[in-house]
Amino acid sequence: SRTGVAGRVSPKMAGRVTPVLLCAFALGAANGLRTPVSPLTGRGQPAMALDGRRALLTSALLTALALPAGAASFAERADASLESIRAAETGSDLAQGLYGIGGLSDEYGGLGERTQDVVQKLRTLKTSTLWNAEVEIAYREVMRSVDPFRVVAVQPALQATVFAYAPVYVGLIVTQQVLPKFFPPAYAIAALLLFGPVLLAVNNS
């Protein structure tokens, strides 16, 4: 669909509309830059000032026209890299596909809204029959670029920790009051329950 909830323009549609609006604005402004005549002197503005303004508007127009091509280039290159990973027949092919994703991430400063989808797909490679030492090296280098803090990997575990914190805390208070001699091991178990999944997720990412 072209619009989201409550008439909100989708990112795809916005990417098309925004450059068009910028072009229209630049063309309209350039058309309006005819030399105005001063009511006092009857003379127009200096040609140098008008040329400078026209140059700025031309630059803005060219930038607006280049925006769709840049966006398409990123999407196409990301899709091509993922396709090369999917179609890889050897470990070397798989590693090259990974390096393609890493290079794209380095060039654009990350993968933006596609980060979660790409990371989830890359994590499935660990069960691939093509997984070897070369692929593992490429995988780790790419992950350091795409998701250096393992946000995507630990997000589910962190959400579970937030929900589990309150009952675990209450359980520790009850243990301390009713069975104080069991409090130290209960505390260790609570810490393991809360932070163990997070550490496991980081290790498996």
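Predicted model: local features only at pLDDT ≥ 70, side-chain atom pairs only at ≥ 80, totals over all residues.
Helix H3 (residues 91-108) and helix H5 (residues 133-146) have axes that come within 9 Å and cross at roughly 15°. Because angles under 35 degrees count as roughly parallel, H3 is roughly parallel to H5. The crossing of the two is left-handed.

Across the whole structure, 5 salt bridges are found. One of them joins the side chains of Glu 107 and Arg 77, at 2.7 Å from N to O. Glu 107 belongs to helix H3 and Arg 77 to helix H2 (residues 47-86), so this pair ties together parts that lie 30 residues apart in sequence. Arg 77 has a relative accessible area of 33% and is partly exposed.

Another salt bridge pairs Glu 83 with Arg 86 (2.6 Å, N to O). These residues are 3 apart in helix H2, so about one helical turn separates them. Glu 83 is partly exposed at 38%, whereas Arg 86 counts as exposed at 60%. In helix H5, Glu 136 and Arg 140 are 4 residues apart, about one turn, and their side chains form a salt bridge at 3.4 Å, N to O.

Arg 150 sits in the loop between H5 and H6. Its phi is near 55°, a positive value in a residue other than glycine. Most residues other than glycine have a negative phi. Arg 150 counts as buried, at 14% relative accessibility.

A nonpolar surface patch includes Tyr 165, Ile 173, Leu 179 and Phe 182 among its members, and the whole patch has about 770 Å² of accessible area. Leu 179 lies in the loop between helix H6 (151-178) and helix H7 (183-204), and is partly exposed at 44% relative accessibility.

Notes:
Residues numbered from 1 in each chain as written. Heavy atoms only, no water. Patch = residues over 30% accessible without salt bridge, like charges linked within 9 Å, V, L, I, M, F, W, Y side chains within 5 Å. Areas by Shrake-Rupley, 256 points an atom, 1.4 Å probe, with all protein chains shown as cover. Salt bridge = Lys/Arg side-chain N within 4 Å of Asp/Glu carboxyl O. Buried < 20%, exposed > 50% of the residue type's maximum accessible area, 1.4 Å probe, protein only. Axes fitted to C-alpha atoms, helices over the stretch in contact; angles between N-to-C directions. Parallel < 35°, antiparallel > 145°, perpendicular 65-115°, else oblique. Left-handed = near helix turned anticlockwise from the far one by under 90°.
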